[in-house]
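Open the model in your viewer and keep the selection panel at hand. Each stop says what to select and what is there.

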Amino acid sequence: MNNNPYLPELATVQEIITETGNIRTLRVTLDNKQRMEQFDFRPGQVGQLSVFGTGESTFVINSPPTRKDYLQFSVMKTGEVTQRIHQLNTGDQIGLRAPLGNGFGFEDMKGHDILFVGGGIGMAPLRTLLLYMIDNRSDYGDITVIYGARSPKDLCFTYEFQEWRDGGINLILTVDAEFPGWKERVGFVPTVLSEVAPSAKNRIAITCGPPIMIKFVLFGLKELGYEDPQIITTLEKRMKCGIGICGRCNAGSKYVCLDGPVFSYDQIRSMGGEL
Amino acid sequence: MKDLSPRSSAPADETAATTQGIKIVGFLCNWCSYGGADTAGVCRFKQPTDLRVVRIPCTGRMDPLFIAKSLIYGVDGVLVSGCHPRDCHYAVGNFYARRRMEALKAFLPFMGIDTQRFRYTWVSASEGQQWQKVVTEFSEQIHRLGPNPGLKQRSGDHSIPSIALR
Amino acid sequence: MAVKIFIATDRLDSVLEKLSTKIDLLIPASLKDDKSAPTGFVPFVPGTAPAFDRQTTTPLKKALLPQVETLLRFEYHKDPQGSPKSSVTVDDQRQVRPTLVFGARPCDVKALTTLDRVFSNGPYVDPYYVERRKNTLFATLVCRQNDAKCFCTSVGGGPADMEGSHLRIVPVDGGYVVEALSPEAQTLLENLADAPDSARDAQAGQIVEEALKRRVGELDTKGSPEAFRKRFDQTDYWFQMINQCLGCGVCTYVCPTCYCFTITDEVENLKGERLRSWDSCMFYHYTLEASGHNPRPTKLERYRNRVGHKFSYIPERYEGLLGCCGCGRCIRSCPVSIDIRQVVGHLKENTSE
Amino acid sequence: MRIGVFVCNCGTNIAGTVDTAKVASEALTFADVVYATNYMYTCSEPGQQEIQRAIGEHGLQGVVVAACSPRMHEPTFRRAVEKAGLNKYMFEMANIREHVSWIGNDKAANTAKAADLVRMAVAKLRFNQPLFSSKMPVNKRLLVIGGGVAGIQAALDCADGGMDVVMVERKQYIGGKMAQLDKTFPTIDCSSCILGPKMVDVSQKENITLYASSEIESISGYIGNFTVDIRKKATYVNWDACTGCGACMEKCPAKNTPDVFNENLGSARAINIPFPQAIPKKAVIDARHCRQLNGKKCGVCAKICPVKAIDFEMKDTIVTEKVGAIIAATGYDLFDHSVYGEYGAGRYPDVITGIQYERILSASGPYGGHIQRPSDGKEPKNIVFLACVGSRDASVGRPYCSGVCCMYIAKQAILTKDHLPESNSYVFYMDIRAPGKNYDEFVRRAQEEYGVQYIRGRVAKIYPRGDRMVVQGADTLLGVQVEVEADLVVLATGIESSAGAGELAEKLRISYDQYGFYMESHPKLRPVETNTAGVYLAGACQGPKDIPSSVAQGSAAASKVQSLFAHDTIETNPQVALVNERNCIACGKCIQVCPFGAIQWKELRGGIKKAEVLPTVCQGCGVCNATCPPKAVQLQHATDNQLLAEVNELCA
Amino acid sequence: MAVGWVKRSAAHHAVSEIERVEKAVLETSRMQLHKLVEEALPELEMMIGWAESSDPLQTTPIFIRDAKSISKLTCGPLCSQNLTGYLVKPPALDSVPKDAKPIGICVKGCDSRSLVALIQEKFLTRDRVRIFGIPCRGTVDWRKVEKRVQLLNVKSATVEDDWLILDDSGTTHKIALEEVLSRKCLGCRYPNPVIHDVLIGQSATPRSTDLATTYRDVDAIEKEPLEQRLAFWQSELDRCIRCYACRNACPLCVCQDKCIVETREPRWLTQRAGIPEKFLFHFIHAMHLAGRCTGCGECERVCPMEIPVTLIKEKLNKIMEEMLGYAAGLDPDAVPPLLTFNPGETEI
């Protein structure tokens, strides 16, 4: 990154994937070829995407550092910036400030069993780590993924589920209600979690999704015997600078943009502050 | 949104001269005055070219703040026109508008904004000739007033009047 | 080594004019013709009467962190031949001119130490702030007169605290004794005025002496971070303390240590700017997320965060440094007379109350 | 966003005074515009195909067409972009014809203005959102207001098509002005012979509900779903019982009641059935002249009525009807010639109007079809007709031509000769307007076969001399003053809009011109539609018309209604207000100002109140949007951001 | 530091007896208030009033739930805040259930008009509030005090008769009350609450009964030529720091967090600090209050930059009175004039 942390690097949209009715995935490359080759990041780190004239918004880089043809971001249409991002076309130039934030402590996860619990767009931050683990499969034990959405058409990354399974992932899919042609599970994610009941022994659980889901997933994990340090999640806050200065994304004395977005549940408990 | 600096990227040909000329924004209701302006066009009633029309469904849609915003940010004149009272396509939209615009009209000069830069009028879809008259008169009025000086940054000179308040 | 000059009151304008040929000057002055009007730091032009007699209404921070500044400019370039591709160029050019702030108060200058930590000591350095900071010198006025709302010594400062200052201004009978505290300041004083006579020099010394001893304010901030954490979830406490809060941004905008900002883009056709502007943690939109969720939805959480930020979070993050300089502006300007000293002071009281 | 701009030459209509190529090239310098071109006729089939091709080829997400008025072709282009896969609201029009090329000749200024308008349209388009219509059911009942020949035609056409029709007539009988006519031009058909069967049809069709002596009280709702309150005026006769026997009329002692149907040429009774063929054939008491109702002892009719239908206590009642479409066929009134002092201002009994002469000519009229002077009952010898009384005269505020007078004068002159072969007819005229089929031939016959003397010139004065009237005027063809001693003078009074037309228009939310005639949507292409969807026009309420035109327009309006009713549902207009609940502060101001009652309270969980727009009731005026302080309610397709974007382009 | 004695008028010596009476009246009012609140409190959810703050020259709003705190209640010319906004703005009363007992509130004449306007706009029902009306002879503008004497450490501030008496670090300042009253008070037509359940103390005499007196400052501006008016407002509004205190303090600025001056959807304003932004901000504030503003002067009182922002609304109030014969906050059943219309008013 250059010496002005506010100055985005120029990047070009290479490919756009429509995931759901209001989620699109952008694959972008930095215009500076050398920078793109040298670009390094940790799974879970984020980037600030700029649509010049509209503004910036924060998204996790959901492609893994092991696959660097492009950097991938999945964007749900919610506000002014994401609206404009959805209007982008391939070949359009955007700005990117990345990598920012802390990322997952994947080194410490080596040798453990892993449980991913994701809901809706919340699968995006998990995907980067998941693919990283697939690419380093032998470092990890069992990897179970519970991924749910409201309906089949609200699931992201459907086009690569097979690849995940082929990569040795125990992928469990669920939707909230019966749907014609749906052959996987039906039920809310926390319910499915209790049914599957992956053992807490030597396992790290990583969860991301809508706040209400997280709340019940936490209950479920506790019941299954998971301790706070075993549970990892990513926090979301309104961000502007992305570098721990502008002040708004704090929870207690921690800045989500700088010290996060990845926190273990015991860290969150000790931080205090509003979530 | 503009700052106060003049447009920097004006094309360097004869359009430049006209784009830097007087600009009047017209808010016209779709049913009457927009139609009246169309009628004037169909009848080939010649009019000054300063007016730029924004089509709105009804003068009732007119928040006076659109007018304030235009004048504060340097538009030279604002013309609002709708259906004659009692002829509103939506029955009463222009009655609301009338009060609101009258209030604004009385208010603008208090803040130092020339109220002559704002006019509202009623022109029906059949009144092409009336529209020509309104546009011509208002454009001439704005030309007499000249470009809107806008709100310049406070200058260093100290010619600010000290008005004794209680 | 110490270079001192004496500026007689009636020579102040001409001396400042001379000084302004060497360096851009910012001085405290009335913001309108009326002398009793609100004051702030303004560029010196000859004839501007400095308002040294009272603290400025608006704080010094805007010298380093303007209310609005351009972070970068961008421009889309189109292919006139009609290809749909357009490219963007972005630049972040900055021009900073050396500036001397003449007549700031110790509390205002002290406040910059907080900003320094935030803007230049984190993992990321803010080049806009840092460049201005490097190019700005401070001639600080020893504070002879505090009012009931000042509490600088309660938060680690003092009426003669020269931390971060390059020149010291001591108001004495008939004028000001100005003393250089750094080498670059010495050159500024060259050929400006004569040295003070010994009587005035002695008087200045005495005034500084007195000011150094003076205690301003009785707030005890020791243990505040811990007390705040304990109070955090006590909604009743916060209601009791700030129920009258209007949720406006006066306290943050007049605060010399509040630095929170927002970033917005403004564009006109193909050219635009990314702006940084003051924001306030007291505002709803400050933390409003696109999803509609707001972690600090009411003034209770927002005011609590403001107190926490200054007296708990900053000390935790930056080794005990407080996010408050004790200038008292927030107390003076609060429309409903909320006194942050009481809010902080009560933190440590018996929590069962 | 990828925007394409298409600048229309419109042949030379636009290109003549606007450099369209330059506008297009300038448009290419606007942000987000990736394609811009000019085209000869953008609205033509190939023009539309060009837009569709460009949408595909350049991946356009929005389209701006700079051409004529959006009131003309916005629907055309919306359909075109929709066919190419865009949402039709991702389209904007810049009006560079009616608002630019046709109103100025300075090409440079026009070009700059056109470019500005395109810039504004592009700016707005950036904030456009795809909008989607919903469907709502159509109530397949028609309301016809006015039971003249136009209304009757429309009602019968629709009833024949199997639709339910509600007809409201202000008078106590249907048939309108045509019912008063003796014969019709140019065929000299008996008016009541051709109209009568249609009137009977109206009364006999089971799917026509007729409210005579009734007026429209209020109208609410919108196309497909109007609710109409009808005021049934007190007739003091229970029509369910009344058989129309007429016994009451014979005995009624109030003999000086003016005979309105006969244009006051005779007198009627206070209780009256105006003419034998009246539909409905029911008696009505004229409250102004009834002795009983004016506090005098009477009640003769009540005693005489064999079915006890008389009800002196009757009050106006309101009935509510729900309909899906409305045809306004309220007809016309005749000009009041009393403003012409030089014609006697109505003082001379033998200076009468054309319609009075119709009653005189009519076999069922006051004189049983014998032509005689109202003053003394003498047969007139010299009869003078004056054309253009209250037509083509700006000095009395009637600059337009009434269109029928030339013809009815010719007809009346011919009929006069038939009745009184010894009589002489003179016609003072300005021009002869006889453009219809067989019309001019008809006028010629009057002149050539019937010897009617046509004198081109204005009449300066009419005054009595002895028992005759002197008509003084100029023959402008011969350049001499002429003076005719007439026994009877007939003024061809012109057509003016019906009394109360304006108030009804306000209830219908349609516009009317300065003379009170209702405005059609487009003078050529949408002649029976109004700007209010679901409201159509027929007959002279839209402008002066003769019978054939009125009947044609009645049928035309009926066919519009039938094509509307051919669908079970109609698409709602999505350009309506929408509440962003997050920003709504529940102040209720939008509810207070909405002219349509289209906004109501909605309760969220926890008892939180928010405003909610009923999209089918909302008409899209935007008063709520202008009123809402936090701008939580936004009018779709005319949002604050969209209008601000346009304004910002001018804030240089 | 010079002692800030204000010259006593010759007449003053003669009225010292009345002065004592006046002081007594004030004390009595306060005691009367305490007594009435004490009686009423069991029937109230809470009582909103004024209490002394750390600055003797300014009161602070207080929310009383238990009888212990009643003694903190005060009234008089130092009670400048309009408390009615708290009734409708979160979260002050979020903890109060909707079906709870009524809330007691102290109002001056001008405050009572805000209350009427809030009831009129249905933000509040009359039975939700118990109104303690306090006739008012004007409130002290502490900035005017500060402009007369340098305030260092004010220990006490009391009002005796027509005088404000300050004890500042041992120095006594005696200042004519008339000279330090808030600007809005000097044209006050409604010193007595227009709506109340109980009235404390004796009714006050209006300072104005006519538009000319009430709108004297508006007229002063209007006497200037157009360019001068523009220059005046440019120089005044240039000081605006967009802290939004004026908005937040306004009891009728009911949008609060949803205010359009902060949103980008819609986007009326940018973050730029130029004069156009400041002008438009104050236009928005004023236009949204047109026909609703009750002239309580809170916006001006709270402005840290001392911009006469109430004056802007005063002009609109004057327009409403002259054009439509309407003054806000007097009739709870009236409809604000810009939310209705009269088809017949062709000549407004």
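**Stop 1: confidence in chain D**

Chain D has a mean pLDDT of 94, and 100% of its residues reach 70 or more. This is a predicted model: local features need pLDDT of at least 70 and side-chain atom pairs count only at pLDDT 80 or more, while totals for chains, interfaces and linings use all residues. Residues are numbered from 1 along each chain as its sequence is written, and chains are lettered from A and ligands numbered from 1 in the order in which they are written.

Now select residues 135-137 of chain D. This is strand β5, where confidence in the chain is lowest, at a mean of 89. Confidence in chain D is highest in strand β3 (residues 62-67), at 98. Helices (H or I, at least four residues) and strands (E, at least two) are DSSP runs, numbered from the N terminus. The model scores ipTM 0.92 and pTM 0.83.

**Stop 2: a helix pair in chain D**

Select α6 (residues 149-160) and α14 (residues 547-565) of chain D. Their axes come within 8 Å and cross at roughly 35°. Axes are lines fitted to C-alpha atoms, for helices over the stretch in contact, and angles run from 0 to 180 degrees between N-to-C directions. The crossing of α6(D) and α14(D) is right-handed. A crossing is right-handed if the near helix is turned clockwise from the far one by less than a right angle, and left-handed if anticlockwise.

Show the side chains next. On α6(D), the residues that meet α14(D) include D:Val149, D:Ala154 and D:Cys158. Among their partners on α14(D) are D:Ile547, D:Val551 and D:Val561. Here, contact puts C-beta atoms, placed from the backbone, within 7 Å. By class, this helix contact has nine nonpolar, seven polar and one charged residue. Ala, Val, Leu, Ile, Met, Phe, Trp, Tyr, Cys and Pro count as nonpolar, Asp, Glu, Lys and Arg as charged, and the others, Gly among them, as polar.

**Stop 3: chain B against chain D**

Of its 166 residues, 63% are buried (20 or more other C-beta atoms within 10 Å; exposed means 12 or fewer, partly exposed in between; C-beta atoms are placed from the backbone).

Bring chain D back. The contact joins 52 residues of chain B to 46 residues of chain D. On the chain B side, α2(B) gives the most, with seven residues. That side divides into 24 nonpolar, 14 polar and 14 charged residues.

**Stop 4: chain E against chain D**

**Stop 5: C:Gly249**

Which loop holds C:Gly249? The residue sits between α7 (235-242) and α8 (250-253) of chain C. C:Gly249 counts as buried because 25 other C-beta atoms lie within 10 Å. Leaving out residues up to four places away in sequence, C:Gly249 touches C:Ser280, C:Met282 and C:Phe283, plus E:Cys243 and E:Tyr244.

**Stop 6: the two domains of chain A**

Finish on chain A. Colour domain 1 (9-100) and domain 2 (106-234) separately; the bounds come from an automatic or database domain assignment. Their C-alpha centres lie 24 Å apart. Across the boundary, 15 residues of domain 1 of chain A are in contact with 14 residues of domain 2 of chain A.

Technical notes: pLDDT is the predictor's confidence in each residue, from 0 to 100. Two residues are in contact if their C-beta atoms, placed from the backbone, lie within 7 Å.
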